[in-house]
Amino acid sequence: MTELTPELVLRGYGIGIFPMAEHRDDPEIFWVDPRRRGILPLDGFHLSRSLAKAMRRTGFDVTVNQDFAGVVAACADRTDTWINAEISSLYSALHARGNAHSLEIREAGTLVGGVYGVTLGAAFFGESMFSRRTNASKMALAATVVRLRDAGFSLFDAQFLTDHLASLGAVEITRAQYHLRLEKALAAHADFAAPPVLPLQEVVQRMTQTS
């Protein structure tokens, strides 16, 4: 593969592909172009009663772009990960230029969950999430969905459909369908950093109002 730069990575996302490594210690990076793509419809997040109850009662706080490196490191801190050192460095560079963002869940200031992804136009390419407390990653995902809606995004690319994501409302579409949605999203503008940060209790309220 040609040496990756932040600009090349963004061009890849713009044509529907994204980079991965086989595992943390593998120096090789390859492009992925799934035949079927997982997406999370921004009006289709499944907020279960138990998750809504936990979010209403939680003492967790939400922050945005306060610890991007910490979220990436936490996502990579698992036995099976595709995030190697070069990928971590590339996404840090994308964050520095405003094309990658994180949403953090904190307990008494300590990072306990989060999501990070890349943005282009009105498309959000979700890369990974993590949880160090029960439901923390689900809460982060719910808060991200509301934030994307508020910011004017139209596409949440989840890359691959997993059972976990499916339980939260993600669906699978064909590559051709994905490219149509991507083209439309890239022609629009959205700003992940613009909306105010909502507490989890308000995230629940916003979701139940639109469900």
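Buried means under 20% relative accessible area, whereas a residue over 50% is exposed and one in between is partly exposed. The legends below use these words for close-up views of a predicted model.

**View 1. The salt bridge between Asp157 and Arg37 joins two strands.** Asp157 and Arg37 form a salt bridge in which the closest N and O atoms are 2.8 Å apart. Because Asp157 lies in strand β8 (residues 155-159) and Arg37 in strand β3, the pair ties together parts of the chain that are 120 residues apart in sequence. Asp157 has a relative accessibility of 0% and therefore counts as buried, and Arg37, at 1% relative accessibility, counts as buried as well.

**View 2. The salt bridge between Glu172 and Arg36 also involves strand β3.** Here the closest N and O atoms of Glu172 and Arg36 are 3.0 Å apart. Glu172 belongs to strand β9 (residues 171-174) and Arg36 to strand β3, so this pair ties together parts that are 136 residues apart in sequence. Glu172 is partly exposed, with a relative accessible area of 35%, and Arg36, with a relative accessible area of 32%, is likewise partly exposed.

**View 3. The salt bridge between Asp33 and Arg175 links a loop to a helix.** The side chains of Asp33 and Arg175 meet in a salt bridge with an N to O distance of 3.4 Å. The pair links distant parts of the chain, since Asp33 sits in the loop between β2 (29-32) and β3 (36-39), while Arg175 is in helix α7 (residues 175-186), 142 residues apart. Asp33 counts as partly exposed at 35% relative accessibility, and Arg175 counts as partly exposed at 33%. The structure holds six salt bridges, among them the pair shown in this view.

View 4. In helix α1, which spans residues 6-14, the residues Pro6, Val9, Leu10, Gly12 and Tyr13 are buried. Just after α1, Gly16 takes a positive phi of about 95 degrees.

Definitions and conventions:
Residues are numbered from 1 along each chain as its sequence is written. This is a predicted model: local features need pLDDT of at least 70, side-chain atom pairs count only at pLDDT 80 or more; totals for chains, interfaces and linings use all residues. Side-chain values use heavy atoms; hydrogens and water are left out. A salt bridge is a side-chain nitrogen of Lys or Arg within 4 Å of a carboxyl oxygen of Asp or Glu. Helices (H or I, at least four residues) and strands (E, at least two) are DSSP runs, numbered from the N terminus. Buried means under 20% relative accessible area, exposed over 50%, partly exposed in between (1.4 Å probe, protein chains only).
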